[in-house]
Amino acid sequence: MPKESRKGFSRRSFLQTTAAAVGATAVGGLMPASFAIGGSSKVRIGILLPYSGTYAMLGNSITDAFKLRVQMGDGTIAGREVEYIPIDSEMSVPKAPQNTKKLVDKEKVDFLVGPVHSGIAAVMAKLVGPREGPIMIVPNAGSNAVTGPLCADNIFRTSFSNWQPAFPGGKVMADDGHKTAITIAWKYAAGMQMMDAGKSAFEQNGGKVIKDIQVPFPNVEFQANLSEIAALKPDAVFAFFSGGGAVKFVKDYAAAGLKDKIPLYGPGFLTEGVSKAQGAAAEGIRTTLHYSGDLENSANQAFRRAYDKAYGKMPNVFSVQGYDAAALIINAMTQVGGDSGATGDLINAMSGAKFPDSPRGAWHMSAAHNPVQNIYLREVRGGKQKLLGIAAKDLEDPAKGCKMA
Amino acid sequence: MMTFFIQLLNSIQYGFLLFLVASGLTLVFGIMGIINLAHGAFFMFGAYLVYWLTGVVDNYFVGILLGLPIMLVMGYVIERLAIARLYQRDHLYQVLLTYGLILILNELQKILWGSDFYSVPVPAVLDGSIALTETQAYPVYRLFISVVCMLVAAGMYVVIARTRLGMIIRAGSVNREMVQSLGININRFYAIVFSAGAALAAFAGMIGAPVSSVYPGMGDQILIISFVVVVIGGIGSVKGAFVGAMIIGLADTFGKVLIPDFASMAVYATMALILMWRPQGLFGRA
Amino acid sequence: MNTRASRLIRYFLISNLLLLVAFPWVGEHFYVGLVMNMMIFGILAMSLDLLIGYTGLVSLGHAAYYGLAGYLLAIISPESEAVSIWLALPFCILGTALAALIIGWFSVRTSGIYFIMITLAFAQMLFYYFNENTDLGGSDGIFIFFKPSVTLGSITLLDLDNHIVFYYFILVCMLLVYFLLRMLLASPFGQVIQGIRANENRTRALGYPTFYYKLVSFVIAGSIGGLAGFLEGMHGGIVSPGHLGWHESGLILMIVILGGMGTLYGPIMGAFAMIFLQDWFQEITVHWMLLMGVFVIAVVLFLPRGIAGLIEDLAAKLDKSVTDSNRPATQKNGESGDG
């Protein structure tokens with residue numbers, strides 16, 4: 001049974017193998033002696049991201065940008081051909097153990113990239129973390145736990161912790177002179193962690209949260225909650241939704257006439273990648289995030305041009321996270337001379353990794369393996385993110401519960 | 001007091017939307033005895049079609065008019081090719097066949113429109129709002145939805161209770177063989193009913209699109225709640241679907257406000273309670 | 001079916017079983033794990049088959065018991081050490097049995113579409129309960145850090161952390177469930193529930209309180225579903241609301257139909273085939289859902305009696321052409337893999 005299962009790949013993988021063999025021969029003289037330990041001639045990248053369902057956009061953005069980063073180099077990782085082994089996570093926790101084991105045990109990937117869902121992240125971390133497994137790069141899932149209690153020396157994150165984009169948001173809201181606020185988010189890990197962070201910053205700076213509204217995940221019928229907000233009349237509302245829920249919430253909020261009376265704040269996911277769909281309803285919403293499309297550094301400009309050329313659309317924060325996941329791997333692999341078997345050296349290289357020219361600006365890896373990065377304040381103007389400034393410079397996640405930090 | 005009134009309004013409004021989705025389901029469910037799990041996928045297709053067509057012709061209403069025939073044809077073809085072979089079989093097979101349809105339609109959506117999130121702008125004529133309190137306004141478009149839903153409800157009532165087509169359909173749901181022996185080709189009517197059901201689901205997706213957003217997997221969310229509505233009301237009863245939709249609208253809205261920790265369960269608990277009291281639903285035939 | 005044909009089927013099943021016994025010694029590590037999944041789903045599918053294929057109750061909420069048992073295991077397992085299986089197993093099974101008793105009490109009064117829907121409603125209630133219960137991990141789910149220990153006094157009887165030991169543990173569970181259900185179905189109780197499936201009114205007229213028979217059948221099915229959930233909790237190490245969702249219930253239903261309802265061995269084969277196909281389709285195309293959808297529809301339209309039906313037809317045909325009866329049987333063997 002297992003033997004036939006890759007039949008569909010045979011021709012392509014034959015071509016790839018041939019190409020790789022030729023390549024390997026060509027550069028053979030340059031390879032370090034330890035190369036043989038590193039396994040096959042191709043670097044195997046296992047990817048576990050959603051490619052179907054509501055969050056498929058995130059999975060596609062991350063994967064596209066990852067591949068683009070590799071192409072923007074010389075198409076290889078430290079001189080070695082790259083083989084991608086993607087699996088559709090379906091955002092399904094029940095399938096997560098099996099999918100992870102498939103990439104680790106059967107495909108024997110060198111690097112494991114994923115996921116989006118924090119429950120799946122926990123499963124992967126648990127399976128990969130404690131043993132001599134592949135190095136895991138988290139290109140999205142923001143669960144504080146991944147670089148908190150679950151942190152491990154072979155788990156790195158190139159995205160954010162839920163605390164990071166939310167905490168400065170609460171301060172911005174207080175700095176804008178608001179005294180009372182309501183928080184509203186889906187009742188699941190990301191929503192609650194972000195609301196906790198935003199709320200604590202807001203209250204540390206003199207504000208008062210008068211109500212926490214938790215909407216059942218992934219319910220998108222917000223009318224009842226909007227009426228509650230209208231009745232309580234806070235100075236501001238701090239919200240986290242993403243994807244289709246973000247589009248609907250922002251539109252409903254505007255349609256209920258609340259937008260001009262009670263300003264909306266939140267972590268940047270509220271308007272990221274969806275502000276076109278939100279249209280005029282998103283105008284003026286201030287959010288905080290570790291990326292803004294109009295950042296003027298040359299890396300961002302080059303990345304946006306290349307992304308547009310390759311995929312016919314503009315990248316979003318998820319793409320940047322995928323881009324940096326590839327950058328992290330390429331950077332470390334180059335330092336160890338392409339030997340993917342040198343796990344210890346790779347981990348050292350990644351732990352000390354500094355990225356002065358990421359599209360999101362400069363960032364480096366924290367002791368807990370989470371990015372230390374700028375959080376930008378953005379406002380939607382004319383359907384686009386407008387950078388207002390830096391809300392928090394070189395913000396590091398507190399990494400509560402991580403033994404390494 | 002004002003807040004209570006507004007929440008009541010929200011309940012009714014949500015109830016109307018639910019009715020619109022559930023009406024097609026109850027039609028197919030009751031009249032043909034088909035459990036159509038793909039109803040949510042049709043809903044999603046409607047939303048994507050109106051997004052796409054509105055972009056092409058730059059008019060929301062024309063978009064709906066162009067989209068509905070597509071869904072009618074799609075429903076008709078699916079009925080003829082697949083559903084028609086299952087009338088003699090257990091419900092079980094219908095559940096599975098339409099489960100397979102969900103997978104196919106979800107994948108087709110991905111191939112046709114990709115995985116991005118879209119939205120449909122509210123048409124300019126209906127883009128306004130009425131102030132309810134000093135902070136909250138009520139969008140005109142939501143009132144428009146309510147009116148459309150009432151028209152659909154009335155239209156369905158007239159067709160089923162007053163026309164010859166409705167008479168045949170009702171007779172066929174009671175005794176299929178008898179109707180056939182009277183020389184009426186019931187199969188063709190079933191095809192019509194199924195494609196009408198598909199179009200109704202899509203219509204709900206189209207009407208809802210401007211206040212919602214258009215995204216992959218949106219059908220799955222609406223599907224189960226529509227089933228709840230239909231079952232509470234009694235399978236096949238349009239009146240029941242209407243009452244059921246209102247009950248669920250109330251349970252959901254007030255559940256969120258009064259017992260936020262158990263809001264989602266409120267809906268299903270309501271359903272379980274009603275079914276314990278009346279196992280065949282409020283207006284269902286025993 | 002005559003005895004010769006059923007003997008052929010028995011040989012076929014036994015040879016498959018031998019393959020299963022041998023598999024951990026020859027299969028890749030990953031596929032041994034996958035087969036464990038298949039066997040767990042086999043147990044789950046058999047329990048649903050008792051309801052659908054033998055009692056005539058189509059449940060679209062069967063994943064509720066599967067997931068609930070996982071949650072019960074997570075609740076009773078301490079974070080830093082293993083719980084004793086002598087405590088955990090009865091706790092999980094009795095807990096799911098109790099849930100099935102309560103849900104069944106309300107559900108088995110209804111029938112047909114209403115039964116489908118009310119079982120779905122109860123499963124959704126549980127889904128949302130766990131989805132919103134942040135103490136139990138909310139939508140992310142909750143870990144089961146250690147597999148329960150199987151000890152007697154201070155002696156470790158079985159080391160379930162050993163891949164191969166755990167494999168045989170699941171296999172034995174699956175066989176036990178199979179023979180238990182076979183015995184049950186052959187008993188007077190089994191005759192009555194099959195009578196209910198054939199004609200409930202007549203069974204009632206014969207003086208049997210059909211409500212209680214159906215309820216007992218529902219509780220047994222739920223408990224066995226709980227056993228499957230218990231095993232999956234140990235195998236996957238996590239339980240999440242996704243385990244009780246309607247997609248999972250739909251998958252189990254599909255497995256029973258694909259395998260052939262009312263045969264017990266069919267659903268096991270269905271589980272093997274379905275999980276293998278999911279794995280395989282994913283490998284050949286990104287549009288694997290399209291393939292799966294087409295496959296599901298094809299099974300419904302062209303293979304209503306499922307894999308078991310296919311095997312029975314084949315056995316009957318073989319029986320007619322008495323000569324050379326072994327060759328095609330082995331051919332079929334290869335087709336269903338290690339099922």
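This is a predicted model: local features need pLDDT of at least 70, side-chain atom pairs count only at pLDDT 80 or more; totals for chains, interfaces and linings use all residues.
1. Chain A overall. Chain A has 405 residues, and 63% of them are buried. Its secondary structure comprises 12 helices and 14 strands. Of the contacts in chain A with a separation of 6 or more, 73% are between residues 24 or more positions apart.

2. The parallel sheet of chain A. An open sheet in chain A is built from five strands in the order E2-E1-E3-E4-E5, with parallel pairing. Strand E2 (82–88) and strand E5 (155–157) of chain A are the edge strands, each pairing on one side only. On average, and with direction ignored, neighbouring strands of this sheet are turned by 20° against each other.

3. In chain A, strand E1 (residues 43–49) pairs with strand E3 (residues 111–113) in the parallel sense, and three bridges join the two. For a reader tracing the pairing, A:Ile47 is a place to look: A:Val113 in E3(A) stands opposite this residue.

4. A helix over the sheet.

5. The hairpin of chain A. Strand E13 (residues 371–381) and strand E14 (residues 384–395) of chain A pair in the antiparallel sense over eight bridges. The two strands form a hairpin with two residues between them. One residue in the turn, A:Gly382, has a positive phi of about 60°. A:Arg381 stands opposite A:Lys384, which belongs to E14(A).

6. Two helices of chain B. Helix H9 (residues 218–233) and helix H10 (residues 238–258) of chain B have axes that come within 7 Å and cross at roughly 120°. At that angle H9(B) is oblique to H10(B). The crossing of H9(B) and H10(B) is right-handed. On the H9(B) side, the residues that take part are B:Ile225, B:Val228, B:Val229, B:Val230, B:Ile232 and B:Gly233. They meet residues of H10(B), among them B:Gly240, B:Val243, B:Gly244 and B:Ile247. By class, this contact of H9(B) with H10(B) has 10 nonpolar and three polar residues, and no charged residues.

7. The contact between chains A and C. Chain C gives 32 residues to this contact, and chain A gives 29 residues. Three helices of chain C, helix H2 (29–55), helix H5 (112–132) and helix H11 (265–284), each supply at least two residues of the side that touches chain A. The largest share of that side, six residues, comes from H2(C). By class, the side of chain C that touches chain A divides into 11 nonpolar, 15 polar and six charged residues.

8. A residue of chain C to inspect. C:Val300 is found in helix H12 (residues 288–302) of chain C. Is C:Val300 buried or exposed? C:Val300 is buried, because 25 other C-beta atoms lie within 10 Å, and the cut-off for a buried residue is 20 or more. Leaving aside its neighbours within four places in sequence, C:Val300 is in contact with residues of chain B: B:Tyr93, B:Leu96, B:Leu97 and B:Gly100. Within chain C, C:Ala221 is 79 residues from C:Val300 along the chain, and the C-alpha atoms of the two are separated by 24 Å.

Notes:
Residues are numbered from 1 along each chain as its sequence is written. Chains are lettered from A and ligands numbered from 1 in the order in which they are written. Two residues are in contact if their C-beta atoms, placed from the backbone, lie within 7 Å. Helices (H or I, at least four residues) and strands (E, at least two) are DSSP runs, numbered from the N terminus. Ala, Val, Leu, Ile, Met, Phe, Trp, Tyr, Cys and Pro count as nonpolar, Asp, Glu, Lys and Arg as charged, and the others, Gly among them, as polar. A residue is buried if 20 or more other C-beta atoms lie within 10 Å of its own, exposed if 12 or fewer, and partly exposed in between; C-beta atoms are placed from the backbone. Two strands pair if DSSP finds at least two bridges between them. Axes are lines fitted to C-alpha atoms, for helices over the stretch in contact, and angles run from 0 to 180 degrees between N-to-C directions. Angles under 35 degrees count as roughly parallel, over 145 as roughly antiparallel, 65 to 115 as roughly perpendicular and the rest as oblique. A crossing is left-handed if the near helix is turned anticlockwise from the far one by less than a right angle, and right-handed if clockwise.
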